[in-house]
Amino acid sequence: MRPVFVTGTDTDAGKTFCSEALIHALQSHQQSCRVLKPVAAGAEYETTDNEHSQLRNDDARRLLAATGAAITPLTYHQANPFCFAPAIAPHIAAQQVHQRVSVEQLLQHYNELPRDAHWCVVEGAGGWLVPLNEQQSLADFAQALGAPVVLVVGMKLGCLNHALLTVADIERRGLQLAGWIANNTQAEVMPNYAENVATLQQRIAAPLLAEVPFQKQANPAAAATRFDVTSWLNN
Ligand SMILES: Nc1ncnc2c1ncn2[C@@H]1O[C@H](COP(=O)(O)OP(=O)(O)OP(=O)(O)O)[C@@H](O)[C@H]1O
Ligand SMILES: [Mg+2]
């Protein structure tokens, strides 16, 4: 099982949407996917089978749903081991309930997942350097996994700086940037969209995996047809 870590220029850049699309794209090449949302902040209680109420995060539910029926589904806990109610920075949400999340715990959790899929699509939280605890960040987890990274760029004013800083830190850590995605999360296309994409193409050595237009009804399966993952299949 090969991990791929999906990060974004910011919260709401489209990490979950593009992760779902990436899963559909890989599945269309008979590549099975597992998913991991290691830490989620922003969840509501749901009554589960045994009448217990459990916190459930929408990203984790969407990622799980995208993996389809080709392989035995993960349990919710396997797909999302740390889930906190308030939609705030994860380390602060953890502190509020006297918990601490660490890279070591996340790595152990990852290593205990079933290995029966080709890929494990791991969605970060917020942007690249989101803290996990007082010292570590989610980027440290991506580094511990040694995972190639996919960067989702939410195409809006300010994205050039966010994208280039993120790429610089990914490279500084010796990680592979597998590609980046120009994602349009707003109905109104940003001013000089094409020039912004061209600027990033000039400065980012990794391939532009897809340009995803705004969809009135967000449909990741439709967006998946824009993803060229053929170079991923034999490497
Ligand atoms: N190309 C698109 N067209 C239309 N809507 C989109 C597109 N990309 C993302 N969205 C919508 O924008 C919102 C934010 O996207 P998404 O949840 O994927 O962001 P995220 O980076 O995963 O956010 P978070 O930091 O909360 O995990 C969602 O409502 C999603 O459906
Ligand atoms: Mg998300």
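User: What do the buried residues of α2 pack against?

Analyst: They pack against α1, β2, β3 (39-41), α3 (76-79), β7 and α9. Packing here means contact: two residues touch if their C-beta atoms, placed from the backbone, lie within 7 Å. The names come from DSSP runs, numbered from the N terminus: helices are H or I with at least four residues, strands are E with at least two. One heads-up: this is a predicted model, so local features need pLDDT of at least 70 and side-chain atom pairs count only at pLDDT 80 or more, while totals for chains, interfaces and linings use all residues. Residues are numbered from 1 along each chain as its sequence is written, and chains are lettered from A and ligands numbered from 1 in the order in which they are written.

User: Which residues of helix α2 are buried, and what puts them on the same side?

Analyst: In α2 (residues 58-66) the buried ones are D59, A60, L63 and A66. A residue is buried if 20 or more other C-beta atoms lie within 10 Å of its own, exposed if 12 or fewer, and partly exposed in between, with C-beta atoms placed from the backbone. These residues cover an arc of only 125° around the axis, so they sit on the same side of α2. The arc is taken from the directions from the helix axis to the C-beta atoms.

User: And what makes the buried residues of α5 one-sided?

Analyst: Helix α5 (residues 103-111) has V103, L106 and Y110 buried. Their arc is only 65°, which puts them on the same side of α5. The face turned away from that buried side carries the exposed residues E104, Q108 and N111. Among what covers the buried residues are β2 (33-36) and α6 (138-145).

User: Is H98 buried or exposed?

Analyst: Exposed: H98 has 6 C-beta neighbours inside 10 Å, so it meets the limit of 12 or fewer. H98 belongs to the loop between α4 (90-96) and α5, and it has a positive phi of about 55° although it is not a glycine.

User: How do you know that β2 and β7 pair?

Analyst: Strands pair if DSSP finds at least two bridges between them. β2 and strand β7 (residues 119-123) have four bridges, in the parallel sense. Within that pairing, L36 stands opposite V122 in β7.

User: Which way do the residues of β2 point?

Analyst: C33 and V35 point one way, R34 and L36 the other, and all are buried. In a regular strand, side chains alternate between the two faces of the sheet.

User: What makes something a nonpolar core?

Analyst: A nonpolar core is a set of buried Ala, Val, Leu, Ile, Met, Phe, Trp, Tyr and Cys residues joined through C-beta atoms within 7 Å. The largest one here has 66 residues, and V4, L22, V121, V150, V153 and I181 have the most contacts inside it. Helix α1 gives the most to this core, with seven residues.

User: Which residues are closest to ligand 1?

Analyst: T11, G14, K15, T16 and F17 are the closest of the 18 residues that surround ligand 1. A residue is near a molecule if its C-beta atom, placed from the backbone, lies within 6 Å of it. Helix α1 (residues 15-27) gives the most to this shell, with three residues.
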